[in-house]
Amino acid sequence: MRLVTGLHPQFLWLNYICAVISTDIIIIGAGPTGLFAVFEAGLLKMRCHLIDSLAQAGGQLSEIYPKKPIYDIPGFPSILAGELVDNLM
Ligand SMILES: Cc1cc2nc3c(=O)[nH]c(=O)nc-3n(C[C@H](O)[C@H](O)[C@H](O)COP(=O)(O)OP(=O)(O)OC[C@H]3O[C@@H](n4cnc5c(N)ncnc54)[C@H](O)[C@@H]3O)c2cc1C
């Protein structure tokens, strides 16, 4: 278990979670940034847990605009936000 040091008191509960769940990293927020962080952690063979207050992953893409086409993702001339989340999962 790795204790997270220097935490703001508001986030001290993270150490409790680290003690209950054996993991290398806890990522808060399952938006595209968090999902990409999970991917990178996997490349480094680190175990991680992803926490989000919403019922589904994807952050703003799933919650606000799943049917909106996005044009600025490298490798995709156009992709719906919901499809991008599916790919990241
Ligand atoms: C209408 C609209 C259209 C957009 N169109 C584009 C576009 O075409 N192209 C583009 O590149 N960008 C676009 N964006 C911006 C893009 O959506 C954001 O840049 C992107 O979602 C940021 O990703 P993120 O993972 O950092 O954060 P978010 O998507 O905001 O995800 C953060 C996640 O963290 C969770 N969270 C936050 N705090 C906590 C907490 N304390 N505990 C638990 N969970 C927590 C939230 O529930 C959320 O799921 C658009 C944004 C909007 C609103």
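The structure is a predicted model, in which local features need pLDDT of at least 70 and side-chain atom pairs count only at pLDDT 80 or more, while totals for chains, interfaces and linings use all residues. Residues are numbered from 1 along each chain as its sequence is written.

Leu-61 lies in helix α3, residues 60-63, where helices are DSSP runs of H or I with at least four residues, numbered from the N terminus. With 21 other C-beta atoms within 10 Å, Leu-61 is buried (buried denotes 20 or more other C-beta atoms within 10 Å of the residue's own, with C-beta atoms placed from the backbone). Beyond its neighbours within four places in sequence, Leu-61 is in contact with Pro-32, Pro-66, Ala-81, Gly-82, Leu-84 and Val-85, a contact being a pair of C-beta atoms, placed from the backbone, within 7 Å. Glu-83 is 22 residues from Leu-61 in sequence, and the C-alpha to C-alpha separation of the two is 9.4 Å.

Leu-61 also belongs to the largest nonpolar core, whose 6 residues are Ala-30, Leu-35, Ala-57, Leu-61, Ala-81 and Val-85; such a core is a set of buried Ala, Val, Leu, Ile, Met, Phe, Trp, Tyr and Cys residues joined through C-beta atoms within 7 Å.

Around the ligand there are 18 residues, of which Gly-29, Gly-31, Thr-33, Gly-59 and Gln-60 come nearest, the criterion being a C-beta atom, placed from the backbone, within 6 Å of the molecule. Helices α2 (32-43) and α3 are the elements that give two or more residues to this shell, and α2 supplies the largest share, 3 residues.

Conventions:
A residue is buried if 20 or more other C-beta atoms lie within 10 Å of its own, exposed if 12 or fewer, and partly exposed in between; C-beta atoms are placed from the backbone. Two residues are in contact if their C-beta atoms, placed from the backbone, lie within 7 Å.
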